[in-house]
Amino acid sequence: MIVESYSAGTPSWVDLMTSDQDSAIDFYADLFGWQIMRSGPEMGNYAMCMKNDQPVAGIGPLPDDAPIPAAWTTYIAVDDVDATVALVADAGGQVIAPAMTVEGEGQKPGRMAVIADPAGGVFGIWQAMDHKGSGLANEPGAFTWNELMSRDPQASRDFLAALFGYEWEAMPPMEGMVYHVAKLGDRGVAGVGSMPEQIPPEVPSFWQAYFAVEDTDDAVARAVASGATMMAEPFDSPFGRMAVLSDSEGASFSVIKLNPDTTG
C-alpha cells in the first residue's frame, strides 16, 4: 500500500551500508525488482531504491576504513530528532551519530541521528522533510516489519518506551523466545524478541528488516543463487511464510510472503 506519512514511533525507512555498493545494488534490485536512482558525492553516493515509482530503501557505501560490518539499519520516525536525542542518555542509551540534517543536490530530505539502546541494538531516527520514508509498505518489494533481537529485551523495551511511548503486548512464547510487540494505541509497529539460542554469543543485539515477497521459496532460491546465505530456511508462521537470509557481505534480512489477513 502507498504510505503518505509516518507517525512518530513508527519505523519509516531502511537502508543498507555496505562495502560493495555496486554488487549490493545488483543483488537487491534483482531480488526485489527495484529500480535504482543514484546520487552524487554531495549526497554521499547514496542510492535510492524505487518500486512502482516510490522510494522503498536506500543502499550506501561504507567508507574503506569503517570499523563496522555491512548491515541494514531501521529508522524510526520522530517529530523532533534533537528532542529525541536529548532523551537517550537518561534512558540508558548511547548516541552513535549525533543529530544532523541530510541535504544536498537542492534537496533537504530530513534530519537524523543513530542511537544504540542499553543492550547494544543500533537504529536510526528520522525527522522527515522532503523525504517522508518508504512510499510503500506491506507489499512485495517493500519492508513490512522491523524487529529487534536483543541480549537484554527488558532493557531494550524500557529504553524504546522512554523514547517513543510504546506500550508492550506479550506474544505467546515461540521456541523459547520471549517476544513483545510495540504498540502505539491499537497499532503494532515493531517487535522486540530475546536473542535466539542459535545466534552465536559474539553477535550483538540487532534490528532485522522484513521485506514482503510474492513467493518466499522462490525468493530464497534466487537469493542463494546470487550469492546469499540462507540463515533460516523457509517456514510457515501465523503471519506468512518467511525465511532469513544474509547477503554476500554479511548483512542479514528476512523475506516473507504475507498472509492476506495480516496486511490490513
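Guide: M50 stands opposite P55 in strand β4. This is a predicted model, in which local features need pLDDT of at least 70, side-chain atom pairs count only at pLDDT 80 or more, and totals for chains, interfaces and linings use all residues. Residues are numbered from 1 along each chain as its sequence is written, and side-chain values use heavy atoms, with hydrogens and water left out.

Strand β3 covers residues 47-51, and β4 covers residues 54-61. Strands here are DSSP runs (E, at least two residues), numbered from the N terminus, as are helices (H or I, at least four residues). β3 and β4 pair in the antiparallel sense over 5 bridges; two strands pair if DSSP finds at least two bridges between them. The hairpin of β3 and β4 has 2 residues between the strands, and N52 takes a positive phi near 55 degrees there.

β3 also pairs with strand β2 (residues 35-38), in the antiparallel sense, over 4 bridges. Of the 5 residues in β3, 4 are buried, where buried means under 20% relative accessible area, exposed over 50% and partly exposed in between (1.4 Å probe, protein chains only). The strand is thus described as mostly covered.
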